[in-house]
Amino acid sequence: MNSHYANSKGLHLNYSIIKNIIEENSRVLDLGCGNGYLLKLLKDTKQIKGNGIEISQNEVIECLEKGLSVIQGDIDDGLKQFSDKSYDYVILNQTLQSTYNPDFVLEEMLRVGKKCIVSFPNFAYWRIRFNFFISGTMPKSKVLPFEWFNTPNIHLLTVKDFFEFAKAHNINIINCIYTTKATVRKGIQYSLFSNFFAEEAIFVISRN
Amino acid sequence: MENKNQSVGIVRTEFYTIDEKIQFECGVNFGPITVAYETYGQLNETKDNAILIVHALTGDAHAAGYHSESDKKPGWWDTMIGPDKAFDTNKYYVICSNILGGCSGTTGPSSINPETNEPYGTSFPVFTIEDTVKVQKKLIDFLGVKGIYTVAGGSMGGMQAMQFVISFPSMVKSAVLIATTSRLSPQAIAFNAVGRNSIISDPNWNNGNYYNKENKPDRGLSNARMIGHITYLCEEAMYNKFGRRLQNKNHYDFNFDIDFQVESYLQHQGQIFVDRFDANSYLYITKAVDYFDLEEKYGSLQNAFKNSNAKYLIISFDSDWLFPSSQSKEIVNTLMQLGKDVSYCEIKSPCGHDAFLLEYDVQSKIIKSFLNEHIEGNYYE
């Protein structure tokens with residue numbers, strides 16, 4: 001997970017949305033689990049059995065300090081150590097856009113998880129469009145604070161892109177939650193409206 | 001001596017003799033075996049706060065503290081064992097013993113065979129890592145320990161730790177496996193083979209009968225140690241430590257004396273090693289390491305670990321090419337597939353395989369967090 005994001009309000013909204021999705025006692029795998037905040041929250045409030053994968057050594061140590069089980073690794077390498085459907089939920093929170101092979105990562109998630117939760121910043125959010133239209137430079141926002149040359153977000157996408165990807169890859173969209181700073185909207189149909197007004201999107205997906 | 005608050009202080013090596021014979025994997029029934037060991041901290045009332053530390057190839061029972069007030073050098077893992085250290089002696093009862101076949105107090109080829117009153121030499125049976133663990137278990141029982149909170153070791157110590165969990169799954173709550181492998185690579189076997197060959201081809205080795213002779217196979221043993229030391233470092237460590245710097249000179253000597261610092265270092269390591277280690281022990285212990293192969297022994301790595309319910313922490317070092325991270329990841333992946341509780345950390349280090357003895361700062365942080373199960377505080381205010 002992008003560390004800049006760890007303290008933003010949006011993330012806490014994200015956490016509580018994800019917390020509400022996940023049933024008690026689920027088996028959860030959190031990809032790019034960062035300092036383990038979400039896993040710890042789920043462990044304490046939903047009694048989940050959870051594992052995290054995180055690339056950064058310091059974040060791995062922070063997870064261990066919270067008493068979590070965490071594997072240092074690169075999710076771009078795939079999830080070959082996990083058997084098919086071995087988790088109730090596989091979570092990829094605010095990380096999809098910074099993976100090298102998002103399509104491969106999603107395929108692996110769908111293989112390992114009965115359901116998957118994917119969240120990402122929506123690049124078609126109106127403020128970003130407006131920002132780009134006016135300034136003519138790569139858009140920046142609170143969620144996307146980086147310069148073009150140092151951003152870890154190498155595969156930015158929009159809500160519409162994700163719907164099209166899901167259709168093309170036979171991915172079942174169970175739920176979709178759009179957020180801006182203050183509001184939460186739901187709906188599993190793509191709408192022009194949500195692609196325009198959602199700052200971030202959280203999808204619950206599966207493959208049968 | 002360092003600050004006493006951070007040290008277990010003055011310690012003493014103790015000895016326990018197992019009277020009954022132990023069945024070795026090679027078929028031989030062997031005994032009696034005396035085990036040299038040290039303990040730090042107190043065993044609790046429920047007798048389950050024990051931490052078993054298992055040493056690497058040439059280690060010994062003296063893992064922490066000092067043997068006397070004037071002792072300058074503490075035990076080999078003193079950075080990790082002590083009050084408030086990674087293996088906290090305020091909380092745990094830490095046990096470390098010298099390996100079977102060793103030469104620092106535990107029965108090995110240099111010990112006197114009570115039947116002949118001569119040193120065993122090469123009549124000592126060839127033993128395996130599993131055999132060394134059987135001996136550890138006897139010691140644990142003798143000490144009255146009912147539950148092992150964690151068994152921890154690096155390199156060969158990691159092999160023993162794995163074998164201990166596999167052999168006695170109901171006894172072990174967790175395992176810390178550092179810079180280790182479930183089977184020694186052909187490359188590592190090759191280095192061991194050259195080391196053994198160097199000892200065996202020293203004329204003073206004399207088929208292992210040198211204990212009563214004036215000349216010992218020091219040359220062979222010191223060469224074996226030099227080869228070992230190359231494998232414990234890495235290219236970056238060698239550049240950092242020595243570069244191409246010359247030893248006490250400004251120009252090449254144009255002869256075959258020592259020119260480079262790296263040569264001098266290896267020679268020094270070889271020389272000091274022969275004062276503390278036995279050539280036959282080196283042969284036997286490296287052989288036990290070579291034979292270690294959990295896949296082969298149990299049919300598969302999954303099969304090896306399937307009965308254990310321990311929680312695992314696995315640590316590797318990115319510059320370690322002797323026991324590379326890929327070998328640790330194989331163990332991690334197997335344990336994940338089995339649904340075991342496992343954490344893994346690859347520490348960035350320029351120190352090569354030696355890192356498990358040197359990188360105590362970050363290693364301590366990781367191990368301390370792992371061992372401290374009951375976490376205080378709320379992380380999501």
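This is a predicted model: local features need pLDDT of at least 70, side-chain atom pairs count only at pLDDT 80 or more; totals for chains, interfaces and linings use all residues.
Helices (H or I, at least four residues) and strands (E, at least two) are DSSP runs, numbered from the N terminus.

The axes of α3(B) and α4(B) come within 7 Å and cross at roughly 165 degrees; axes are lines fitted to C-alpha atoms, for helices over the stretch in contact, and angles run from 0 to 180 degrees between N-to-C directions. The two helices α3(B) and α4(B) are therefore roughly antiparallel (angles over 145 degrees; under 35 count as roughly parallel, 65 to 115 as roughly perpendicular and the rest as oblique). Residues are in contact if their C-beta atoms, placed from the backbone, lie within 7 Å.

Helix α3(B) also packs against α7(B), with axes that come within 10 Å and cross at roughly 160 degrees. This pair, α3(B) and α7(B), is therefore roughly antiparallel as well, but α3(B) passes α7(B) in a left-handed crossing. Contributors from α3(B) are B:I189, B:N192, B:G195, B:R196 and B:I199, which meet B:A279, B:Y282, B:L283, B:T286, B:V289 and B:D290 of α7(B).

Helix α7(B) comprises residues 279-291. Its 13 residues should span 18 Å at 1.5 Å a residue (1.5 Å times one less than the number of residues), and the end C-alpha atoms are 19 Å apart, which agrees. Ten of the 13 residues are buried, so α7(B) is largely enclosed by the rest of the structure. A residue is buried if 20 or more other C-beta atoms lie within 10 Å of its own, exposed if 12 or fewer, and partly exposed in between. The cover over the buried residues of α7(B) includes α1 (129-142), α2 (156-167), α3 (186-200) and α4 (218-232) of chain B. B:D290, located in α7 of chain B, is partly exposed, with 18 other C-beta atoms within 10 Å. Leaving aside residues up to four places away in sequence, B:D290 touches B:L184, B:I189 and B:N192.

Between the chains, the contact takes 17 residues from chain A and 20 residues from chain B. Helix α3(A) gives the most to the side of chain A that touches chain B, with five residues. Helix α3 (57-65) of chain A packs against α12 (360-371) of chain B at about 30 degrees, with axes 8 Å apart, which makes the two roughly parallel. The contact joins A:I61, A:L64 and A:E65 to B:K365, B:I366, B:S369 and B:F370.

In helix α6 (residues 159-168) of chain A, the buried residues are A:V159, A:F162 and A:F163. Seen down the axis of α6(A), these fall within an arc of 100 degrees, so they line one face of the helix; the arc is that of the directions from the helix axis to the C-beta atoms.

Technical notes
Residues are numbered from 1 along each chain as its sequence is written. Chains are lettered from A and ligands numbered from 1 in the order in which they are written. Two residues are in contact if their C-beta atoms, placed from the backbone, lie within 7 Å. A crossing is left-handed if the near helix is turned anticlockwise from the far one by less than a right angle, and right-handed if clockwise.
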